[in-house]
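Please read it with the structure open.

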Protein chains: 2
Amino acid sequence: MTLCSSDSILHPSQLILFAMDLKQIAKDTAKTLVSYLTYQSVRTVIAQLSETDPPQAFWLQSFSSREKIQDGEAYLKALFQERQDLAFRILTVREHLAEEIADVLPEMLRTSIQQANMDQRRRQLERMTQLDLSVPSVNPEQEPNSEEIG
Amino acid sequence: MTLCSSDSILHPSQLILFAMDLKQIAKDTAKTLVSYLTYQSVRTVIAQLSETDPPQAFWLQSFSSREKIQDGEAYLKALFQERQDLAFRILTVREHLAEEIADVLPEMLRTSIQQANMDQRRRQLERMTQLDLSVPSVNPEQEPNSEEIG
């Protein structure tokens with residue numbers, strides 16, 4: 001169910017471009033996921049350490065606010081130079097994380113996109129309805145010379 | 001094959017914490033994916049428009065450098081206020097993109113994480129080997145009083 005389908009806007013030539021880029025987009029998406037799971041692994045390890053070894057948790061927290069965590073591989077490279085044990089631990093955690101969530105991702109992604117699109121369409125419909133209500137509607141049976149007023 | 005397994009570092013209590021957070025991490029990852037695919041959809045639509053309607057491509061490019069695209073939903077909300085047609089088109093493209101790549105994501109994620117971990121472990125092994133080579137090894141048969149020199 002879509003409030004407004006824009007499929008008709010897509011020209012066949014555009015769909016070809018789309019297919020050509022698809023492999024690269026999938027590859028870039030996987031890379032983004034790896035970086036995101038590295039960030040989640042760092043958070044996980046900090047949470048674990050704060051239970052078992054607060055000074056270590058504090059150290060990793062400080063290190064992670066200094067080093068850019070947006071690029072997971074560069075972050076890990078820097079961590080290996082300072083605390084090899086924590087770096088190895090983060091590698092282990094991110095591999096576990098990936099294993100655990102990989103199979104639920106397709107379904108979660110589809111559901112999330114559909115939900116987000118539905119929310120956007122609903123919000124826009126509401127907005128358009130409010131605009132219609134706030135602007136006094138022009139009665140089509142009205143005399144066209146009403147345009148001349150003003 | 002791991003050069004250094006850090007599994008042994010994980011305490012059972014930490015694995016419980018891990019499992020508790022897993023659902024939230026999966027949810028947050030899906031949200032990140034939706035935002036990333038929104039960004040890729042904007043790029044795709046700009047590429048399509050640059051073939052068919054360069055002024056529109058230029059407009060969307062400018063809009064996208066003004067509005068923060070990191071938060072996909074906020075970006076779309078802003079776009080709906082200015083160019084409803086382009087916003088609807090991006091919704092369509094991101095849903096297509098998600099459909100197309102969803103099923104390959106688990107395998108790509110696993111492969112990417114394993115590859116990235118192998119690269120990090122190999123790099124660290126090389127680094128440790130170089131450190132060993134650059135620091136003159138102390139010959140265990142040497143006289144201990146060599147420390148006194150200097």
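In this predicted model, helix 5 of chain A passes helix 3 of chain B in a right-handed crossing. The two helices pack at an angle of about 30°, with their axes 11 Å apart, and because angles under 35 degrees count as roughly parallel, helix 5 of chain A and helix 3 of chain B are described as roughly parallel to each other.

**Helix 5 of chain A with helix 3 of chain B**

- On the side of helix 5 of chain A, the contact is made by Ala116(A), Gln120(A), Arg123(A), Gln124(A) and Arg127(A), while helix 3 of chain B contributes Glu73(B), Leu76(B), Lys77(B), Phe80(B) and Gln81(B).
- By residue class, this contact divides into three nonpolar, three polar and four charged residues.

**Helix 4 of chain A with helix 5 of chain B**

- The axes of helix 4 (residues 84-102) of chain A and helix 5 (residues 105-134) of chain B come within 9 Å and cross at roughly 170°, which makes helix 4 of chain A roughly antiparallel to helix 5 of chain B.
- The crossing of helix 4 of chain A and helix 5 of chain B is left-handed.
- Among the residues that make this contact are Phe88(A), Leu91(A), Glu95(A) and Ala98(A) from helix 4 of chain A, and Leu109(B), Arg110(B), Ile113(B) and Met128(B) from helix 5 of chain B.
- The residues of this contact divide into nine nonpolar, six polar and five charged.

**Helix 3 with helix 4 inside chain B**

- Within chain B, the axes of helix 3 (residues 72-82) and helix 4 (residues 84-102) come within 6 Å and cross at roughly 145°.
- Residues of helix 3 of chain B, including Tyr75(B), Leu76(B), Leu79(B) and Phe80(B), meet residues of helix 4 of chain B, including Leu86(B), Phe88(B), Ile90(B) and Leu91(B).
- The contact of helix 3 of chain B with helix 4 of chain B comprises nine nonpolar, one polar and three charged residues.

**Relation of the two copies**

- The same surface serves both copies, since 100% of the contact residues of chain B recur in chain A.

**Aromatic pairs**

- Over all chains, the structure holds eight aromatic pairs.
- In one of them, the rings of Phe63(A) and Tyr75(A) have their centres 5.5 Å apart and their planes at 65°, so the pair is edge-to-face.
- This pair links distant parts of the chain, with Phe63(A) in helix 2 (residues 54-66) of chain A and Tyr75(A) in helix 3 (residues 72-82) of chain A, 12 residues apart.

Definitions and conventions. Residues numbered from 1 in each chain as written. Chains lettered and ligands numbered in written order. Predicted model: local features only at pLDDT ≥ 70, side-chain atom pairs only at ≥ 80, totals over all residues. Heavy atoms only, no water. Axes fitted to C-alpha atoms, helices over the stretch in contact; angles between N-to-C directions. Helix = DSSP H or I, 4+ residues; strand = E, 2+ residues; numbered from the N terminus. Contact = heavy atoms within 4.5 Å. Nonpolar A, V, L, I, M, F, W, Y, C, P; charged D, E, K, R; others polar. Parallel < 35°, antiparallel > 145°, perpendicular 65-115°, else oblique. Left-handed = near helix turned anticlockwise from the far one by under 90°. Phe/Tyr/Trp six-rings, centres within 6.5 Å; stacked < 30°, edge-to-face > 60°.
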